Amino acid sequence: MRNIVLIGFMGTGKSTVGKYLAQSLAWDFVDTDCEIGEVTNLSVTEIFRRHGETRFRSEERIVVARLSQQEQIVIATGGGTVLNPHNWEALAQNGIVIGLHASIEAILSRIGHKNDRPLLKGPKEEIEKLWSERQEFYAQADLTVDTTEKSIEEVVNEILTWLGRRMNNELSGVAKD
Ligand code: S3P
C-alpha cells in the first residue's frame, strides 16, 4: 500500500489534516519539517537563519528520499517540498499525492501572525506572489481539496471518501482483468 502525501502552500492545513487522516487510517504520520528538525537538531527558522534556505532544501531532499522508501505513512510536506522535481518524483512514485488549497486571505489569517515561517516574513505582495507562482505545482496532485471554509473533519472525510472510491475502482479493474 502506497503512502499518502499532502502538499500545498503554508497554512493550508497539511500537518493538522495529516495527523487526523493518519489516525483515521491507523497509519503513522510524518511531517517533513519535523523530520528535518530531528536530524539537524534545529528548528526550520534556525536552519534558515544560520545556514540559509539552500541548506534547508538539501536536508529536505534527504528526508524526502528516505520517507519515500516507506509504506503506509501519511506524509505532510513543507510548502516548498514539491517544487523540487526530484522530491516530486520520489514522493509520487510511492504515494498518492493530495493537494490542500486555501485562499491567500485564509492563509494569512491562519498563520500570518506566527513567527515560525521564514518565507512569510516579507510584505503581503511577496507572499501573494509566492502563493500564485506555486499554484501550478500543487495543481498536479491526484486530488485537490479546498480547505478554505472547511473543518478538519470535513477535509479528512472528503479525502477518505475519495480514497475509498479510488480503491473500489482499482479493485474492480483488477477483477475485470
Ligand atoms: C516552506 C514551508 C514550510 C517550511 C519552510 C519552507 C515553503 O512548511 O518547510 O518554512 O517553502 O513554503 P509548511 O508548509 O508546513 O509551513
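A salt bridge, as the term is used here, is a side-chain nitrogen of Lys or Arg within 4 Å of a carboxyl oxygen of Asp or Glu. By that criterion, the whole structure contains eleven salt bridges. In one of them, the side chains of Arg57 and Glu60 meet at 2.9 Å, N to O. Because these residues are three apart in helix 4 (residues 53–67), about one helical turn separates Arg57 from Glu60; helices are DSSP runs of H or I, at least four residues, numbered from the N terminus.

The model is predicted, so local features need pLDDT of at least 70 and side-chain atom pairs pLDDT 80 or more, while totals for chains, interfaces and linings use all residues. Residues are numbered from 1 along each chain as its sequence is written, and side-chain values use heavy atoms, without hydrogens or water.

I turn now to the ligand. Around the ligand are 13 residues, of which Lys14, Asp33, Arg57, Arg117 and Arg134 come nearest; a residue counts as near if one of its heavy atoms lies within 4 Å. By class, this shell has five nonpolar, three polar and five charged residues, with Asp, Glu, Lys and Arg counted as charged, Ala, Val, Leu, Ile, Met, Phe, Trp, Tyr, Cys and Pro as nonpolar, and the others, Gly among them, as polar.

Note on methods. Helix = DSSP H or I, 4+ residues; strand = E, 2+ residues; numbered from the N terminus.
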